[in-house]
Amino acid sequence: MTWLADLRLPAATSSLRTIRLLVGSVGSTVELAVDELEGLQMGAAECAALLMDGVADGAVLTLEVHGHDEAVEVRGSVETDHAAVEIDELALLVLRGTVDEHELHPGPGRRSFSVRKQRRG
């Protein structure tokens, strides 16, 4: 079965909880193990937080969560007039430890990310 959820949220840290809930809901339909699910939630929230850094009030984060077969992919983007955000090594270490694949495009202009977690076993 395939699940697809699209959501537009304020590009603010107050939206991170909603992102984690949505990712968790779709991830549970693919039957990710608890640790896999938590890793995906953490990775998606970390990427979203990076993209939202320094954006103007009223900016919108577009989020797509796609659950299919044995994997979940999360994509997010935000439009901004601000400079590219710097991605530090700690954020990259978090991503490497929590998701199977990730891409970050820190701007300038459109910032975007994608993370993917494959179900094990």
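This briefing describes a sheet, the helices beside it and the core they share.

The model is predicted. Its five strands form an open sheet in the order S1-S2-S3-S5-S4, with antiparallel pairing. The largest nonpolar core has 34 residues, and helix H2 gives the most to it, with nine residues.

**The sheet as a whole**

- The open sheet has five strands, and reading across it gives S1, S2, S3, S5 and then S4.
- S1 and strand S4 (101-105) stand at the edges; each has a single partner strand, so one side of each is left without a neighbour in the sheet.
- On average, neighbouring strands of this sheet are turned by 10° against each other, with direction ignored.

**Strand pairs**

- S1 and S2 are antiparallel and pair over eight bridges.
- Leu 9 stands opposite Leu 61, which belongs to S2.
- Strand S2 (residues 60-68) is joined to S3 by eight bridges, and the two run antiparallel.
- Val 65 has Val 74 in S3 as its bridge partner.
- S2 and S3 form a hairpin with two residues between the strands, and in this hairpin Asp 69 takes a positive phi near 45°.
- On to strand S5 (residues 110-118): nine bridges join S3 to S5, again in an antiparallel arrangement.
- Opposite Val 78 stands Arg 111, a residue of S5.
- Strand S3 (residues 71-79) is mostly covered, as seven of its nine residues are buried.

**Helix H1**

- Helix H1 (residues 16-29) has 14 residues; at 1.5 Å a residue these should span 20 Å, and the end C-alpha atoms are 20 Å apart, which agrees.
- The buried residues of H1 are Leu 16, Ile 19, Leu 22, Val 23, Gly 24, Val 26 and Gly 27.
- An α-helix has 3.6 residues a turn, so residues three or four places apart point the same way.
- The buried residues of H1 pack against strand S1 (3-10), helix H2 (34-52), S2 and S3.
- After H1 comes Glu 31, with a positive phi near 65°.

**The nonpolar core**

- Within the largest nonpolar core, of 34 residues, those with the most contacts are Ile 19, Leu 40, Val 65, Val 72, Val 74, Phe 113 and Val 115.
- At least two residues of this core come from each of S1, H1, H2, S2, S3, H3 and S5.
- H2 supplies nine residues, the most given to this core.
- What does Leu 40 touch, not counting residues up to four places away in sequence? Its contacts are Val 23, Leu 32, Val 72, Val 74, Thr 98, Val 99, Val 115, Arg 116 and Lys 117.

**Helix H3 and Arg 96**

- H3 lies across S4 and S5, and runs at about 150° to S4.
- Arg 96 is a residue of helix H3 (residues 89-98).
- Which residues are in contact with Arg 96, leaving aside its neighbours within four places in sequence? They are Glu 89 and His 102.
- The side chains of Arg 96 and Glu 89 are joined by a polar contact of 3.2 Å.
- Arg 96 and Gly 43 are 53 residues apart along the chain, while their C-alpha atoms are separated by 8.7 Å.

Methods. Residues numbered from 1 in each chain as written. Predicted model: local features only at pLDDT ≥ 70, side-chain atom pairs only at ≥ 80, totals over all residues. Heavy atoms only, no water. Helix = DSSP H or I, 4+ residues; strand = E, 2+ residues; numbered from the N terminus. Contact = heavy atoms within 4.5 Å. Polar contact = N/O pair within 3.5 Å; in protein donor to acceptor, adjacent residues only side chain to side chain. Buried < 20%, exposed > 50% of the residue type's maximum accessible area, 1.4 Å probe, protein only. Pairing = 2+ DSSP bridges. Expected span 1.5 Å × (residues − 1). Axes fitted to C-alpha atoms, helices over the stretch in contact; angles between N-to-C directions. Core = buried A, V, L, I, M, F, W, Y, C linked by side-chain atoms within 4.5 Å.
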